[in-house]
Amino acid sequence: MVSHIANEFQVPLLSFASTDPTLSSLQYPYFVRTTRSDLFQMSAIADMVSYYGWRDVIALYVDDDYGRNGVAALGDKLA
């Protein structure tokens, strides 16, 4: 919701915690993410799973729009 307000007033919005890759700069041109996206973080976890040769992984996540997108990115990287 805040991103919509920032777009309306054309004011930059800095986020220090948002990692959801669906918050794109095309949709929210005044939204500036200052942390890496879920895709980067989940790639690192997938690399660790691969390095140790783990065959089964259980992911615990928050069941909201942001948690689902992160675990979806992890599923893509593990596939």
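In helix α2, Asp 38, Met 42, Ala 46 and Val 49 are buried (under 20% relative accessible area, with exposed meaning over 50% and partly exposed in between; 1.4 Å probe, protein chains only). These residues lie on the same side of α2, because they cover an arc of only 60° around the axis, the arc being that of the directions from the helix axis to the C-beta atoms. Asp 47, Tyr 51 and Tyr 52 are exposed on the other side of α2. The model is predicted: local features need pLDDT of at least 70 and side-chain atom pairs count only at pLDDT 80 or more, while totals for chains, interfaces and linings use all residues. Residues are numbered from 1 along each chain as its sequence is written, and side-chain values use heavy atoms, with hydrogens and water left out.

Helix α2 comprises 15 residues, 38-52; helices (H or I, at least four residues) and strands (E, at least two) are DSSP runs, numbered from the N terminus. From its first C-alpha to its last, α2 reaches 21 Å, close to the 21 Å expected at 1.5 Å a residue (the expected span is 1.5 Å times one less than the number of residues). Gly 53, with a positive phi near 70°, follows α2.

A nonpolar surface patch of about 740 Å² is made by Ile 45, Met 48, Tyr 51, Tyr 52, Trp 54, Val 57 and Leu 78. Patches consist of residues with over 30% relative accessible area and no salt bridge, like charges being joined within 9 Å and nonpolar side chains (Val, Leu, Ile, Met, Phe, Trp, Tyr) within 5 Å. A salt bridge is a side-chain nitrogen of Lys or Arg within 4 Å of a carboxyl oxygen of Asp or Glu, and accessible areas come from the Shrake-Rupley method with a 1.4 Å probe, only the protein chains shown counting as cover for residues. Helix α2 gives the most to the nonpolar patch, with four residues. Leu 78 is found in helix α3 and is partly exposed, with a relative accessible area of 37%. The C-alpha atoms of Leu 78 and Arg 33 are separated by 25 Å, the two residues being 45 apart along the chain.

Gln 10 is in the loop between α1 (2-9) and β1 (13-15). The phi of Gln 10 is near 55°, a positive value in a residue other than glycine. At 54% relative accessibility, Gln 10 counts as exposed.

The mean pLDDT of the protein (the predictor's confidence in each residue, from 0 to 100) is 82, and 95% of its residues reach 70 or more. Confidence is highest in α2, at 90, and lowest in helix α3 (residues 65-78), at a mean of 81.
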